[in-house]
Amino acid sequence: MNRLGAIALGAAAILAIVAPFFLRRYGIYLISMWAVLTIAAIGLNLTLGYAGQVSLAQGAFVGIGAYTVALLTQAGWPYPAAFVCAGALCFAIGWLLGYPALRVQHHYLAFVTLAFTTLVFLVLRNEEWLTNGIYGITGTERPVLFGWSTGSALDFYFFCLGMLAVMAAATWWMLRSPWGRAFLALRENPLRALSLGLDTRRYTLMAFAIGSSLGGMAGALYAPLVQFIEPNSFGLGMSFNLLLMVIVGGSGYFFGPFIGALVAVLLPEWTRFTEGYYLLLYAALVMALMAFCPSGLLGLIERVSKVMTRRAPPPSELRSEGTNP
Amino acid sequence: MSAVLEVSNLRKSFGGITAVNDVSFDVREGEILGIIGPNGSGKSTLFNCVLGQLLPNAGEVRVDGKPTTGMRPCDLNRLGVSRTFQLLQVFPQLSVRDNLILAGQEHRGSMLSRLFGKSDAGLGDAARKMIDFFQLSHLADEQAGALSYGQQKLLDAAMAFMAGSRLVLLDEPAGGVNLTMLAHLRERLRAYHAERRATFVVIEHQMEFVMALCTRVLVLAEGRIIAQGAPQDIRRDPAVIEAYLGGQSA
């Protein structure tokens with residue numbers, strides 16, 4: 001990260017800490033939702049942006065995580081244990097969902113994961129004995145951690161922000177390890193990766209499992225945030241919305257999901273001044289962004305920065321041998 | 001010298017076309033074997049069968065005496081077998097250094113230990129040495145996609161050597177490379193061979209490159225071996241001249 005990037009990151013972190021003190025309850029709810037959905041989008045960015053595996057199932061994993069926490073805490077489990085269970089369950093299911101990715105790719109894989117999302121939705125809606133069906137589950141308690149109650153909107157926002165910081169740091173650390181390089185190789189050229197000794201099967205499954213686990217942990221925060229979960233919240237709409245966040249922010253850019261989630265959560269609110277037209281305006285803005293900047297907002301920033309540094313000399317050829325291919 | 005690679009009665013068909021037909025040969029330790037033949041003679045299919053990219057219909061492949069027929073390419077790589085492809089296969093978004101580290105990292109520890117280990121998998125020095133060896137030092141931090149075609153070919157070859165493989169199969173390493181860079185590539189391959197005593201199998205159309213680099217040449221035509229021997233003998237072999245050079249003497 002260059003100096004300018006570090007300054008921008010520091011400023012964003014300060015803003016994230018200070019902003020809720022100037023917001024009302026609904027504003028704090030919105031930025032809490034941003035933090036939660038950013039975690040889910042980071043997971044999808046890992047699966048799609050880094051490892052190149054198309055997934056339309058991230059919303060379903062948020063749902064699985066949310067229902068796991070809601071059911072377990074109501075059964076008397078402590079929140080931290082329920083949170084870990086949500087992540088572990090989604091890791092296991094994500095690993096299994098990765099198997100189709102070993103056989104099919106691209107839009108075929110998208111349809112497999114889309115079918116999985118529909119399957120999860122149907123289970124959440126129809127298995128009333130477990131999920132309470134269309135009536136949903138209300139009143140998931142916000143946790144008390146080491147004597148700190150996160151019951152208020154402000155406290156829960158800082159809890160979500162802290163979890164986002166932890167998840168982001170863990171993902172950053174993983175992407176800087178040889179695994180990150182392996183995920184990129186999987187995306188760029190799986191055939192060559194295989195010939196270099198990368199077990200592409202394991203890395204594909206791992207990309208799905210970790211990405212899904214992050215989705216599940218986002219769900220584990222979602223349930224106590226909204227305090228009412230029902231199947232429709234975790235249908236295809238949420239999966240597409242998370243995909244939109246990754247693409248708009250910049251797929252394969254670490255900070256893409258942060259910016260994408262900001263756009264997806266806040267832009268509809270900022271366009272509310274148009275009253276009945278706000279969703280139309282939001283859709284038009286997203287279409288324009290995708291048409292003129294398919295690599296997302298961070299891709300646009302990178303392009304602009306490259307244009308500005310174009311004067312730098314290109315990489316020179318092999319001088320020592322006097323070659324000029 | 002013992003055989004590093006043994007191929008016995010290998011056959012591969014695609015529908016009604018037999019691309020590789022009852023091919024048998026072996027490669028001895030430290031040898032540089034060239035495989036030549038006209039387009040469509042089955043060279044790349046043979047490579048892909050040997051390297052686990054394709055499953056042969058019949059025959060057997062052994063590496064160091066161990067049966068490897070149908071083994072996955074990643075498992076073969078861990079046995080010490082590397083390859084390059086006919087078309088460039090570097091990772092354009094990674095730097096030259098990261099391409100090389102990637103090429104060696106899966107040989108370092110377990111998958112879990114790599115997650116908790118160093119970012120460069122402890123290969124920083126090895127990558128630097130390989131970069132120096134292939135004289136790419138001034139490009140070490142450049143994205144591979146920004147390099148010229150010839151430089152990418154050098155990097156592609158360097159990646160195949162990064163894991164310290166004993167057997168390296170190079171599929172048209174000289175393809176599309178200009179004469180100056182070709183001489184550089186040949187000199188680097190020779191130097192690597194001299195230094196490490198690695199065993200090479202090279203598919204190539206560029207006859208001068210093959211004749212200057214290889215210690216033995218094997219000629220394929222229509223999926224069969226029609227000749228093998230020392231480069232100077234192959235030049236004079238009437239069957240080779242007929243099949244490969246279209247009936248005109250070299």
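## A strand residue and a loop residue with positive phi

B:Asp22 sits in strand E2 (residues 17-28) of chain B; strands and helices here are DSSP runs (E, at least two residues, for strands; H or I, at least four, for helices), numbered from the N terminus. This is a predicted model, so local features need pLDDT of at least 70 and side-chain atom pairs count only at pLDDT 80 or more, while totals for chains, interfaces and linings use all residues. Residues are numbered from 1 along each chain as its sequence is written, with chains lettered from A and ligands numbered from 1 in the order in which they are written.

Back to B:Asp22: its phi is near 55°, a positive value in a residue other than glycine. Most residues other than glycine have a negative phi. B:Asp22 is partly exposed, with 14 other C-beta atoms within 10 Å (buried needs 20 or more other C-beta atoms within 10 Å, exposed means 12 or fewer, and partly exposed is in between, with C-beta atoms placed from the backbone). B:Asp64 also has a positive phi, near 50°. B:Asp64 lies in the loop between strand E4 (58-63) and strand E5 (66-67) of chain B, and B:Asp64 is partly exposed, with 16 other C-beta atoms within 10 Å.

## Where the chains meet

Chain B puts 39 residues into the contact and chain A puts in 27; two residues are in contact if their C-beta atoms, placed from the backbone, lie within 7 Å. On the chain B side, the elements giving two or more residues are helices H2 (73-78), H3 (96-105), H4 (111-116), H6 (149-162) and H7 (179-196). H3(B) supplies the largest share of that side, five residues. By class, the chain B side splits into 19 nonpolar, 14 polar and six charged residues (nonpolar: Ala, Val, Leu, Ile, Met, Phe, Trp, Tyr, Cys and Pro; charged: Asp, Glu, Lys and Arg; polar: the others, Gly among them).

One residue of helix H3 of chain B to look at is B:Arg97. B:Arg97 is buried, with 21 other C-beta atoms within 10 Å. Not counting residues up to four places away in sequence, B:Arg97 touches B:Ala127, B:Ile131, B:Ala140 and B:Asp141. B:Arg97 and B:Met159 are 62 residues apart in sequence, with their C-alpha atoms 10.0 Å apart in space.

## Helix packing in chain A

Two packed helices are described by the angle between their axes and the distance between the axes. Axes here are lines fitted to C-alpha atoms, for helices over the stretch in contact, and angles run from 0 to 180 degrees between N-to-C directions. Start with helix H3 (residues 58-74) and helix H4 (residues 79-101) of chain A: they pack at about 145°, with axes 9 Å apart. H3(A) passes H4(A) in a right-handed crossing, meaning the near helix is turned clockwise from the far one by less than a right angle. Among the residues making that contact are A:Phe61, A:Ile64 and A:Val69 of H3(A), and A:Phe83, A:Leu89 and A:Ile93 of H4(A). The contact has twelve nonpolar, four polar and no charged residues.

H3(A) also meets helix H11 (residues 236-249) of chain A, where the axes come within 6 Å and cross at roughly 115°. That contact uses A:Gln58, A:Gly59, A:Ala60 and A:Val62 of H3(A), plus A:Leu236, A:Met238, A:Ser239 and A:Leu242 of H11(A). The tally is five nonpolar, three polar and no charged.

Helix H2 (residues 25-50) of chain A comes up against H11(A) too, with axes within 9 Å and a crossing of roughly 70°. H2(A) and H11(A) are therefore roughly perpendicular (65 to 115 degrees). Members of the contact include A:Leu37, A:Leu44 and A:Leu48 of H2(A), and A:Leu242 and A:Met245 of H11(A). The residues divide into nine nonpolar, two polar and no charged.

## The nonpolar core

The largest nonpolar core has 169 residues, and A:Val36, A:Leu37, A:Cys160, A:Ala218, B:Leu100 and B:Val202 touch the most other members. Such a core is a set of buried Ala, Val, Leu, Ile, Met, Phe, Trp, Tyr and Cys residues joined through C-beta atoms within 7 Å. Leaving aside neighbours within four places in sequence, A:Leu37 is in contact with A:Ala218, A:Leu242, A:Met245, A:Ala261 and A:Val265.

A:Leu221 belongs to helix H10 (residues 200-226) of chain A and counts as buried, with 30 C-beta neighbours inside 10 Å. Beyond four places in sequence, A:Leu221 is in contact with A:Val36, A:Cys160 and A:Met163.

Definitions and conventions. Parallel < 35°, antiparallel > 145°, perpendicular 65-115°, else oblique.
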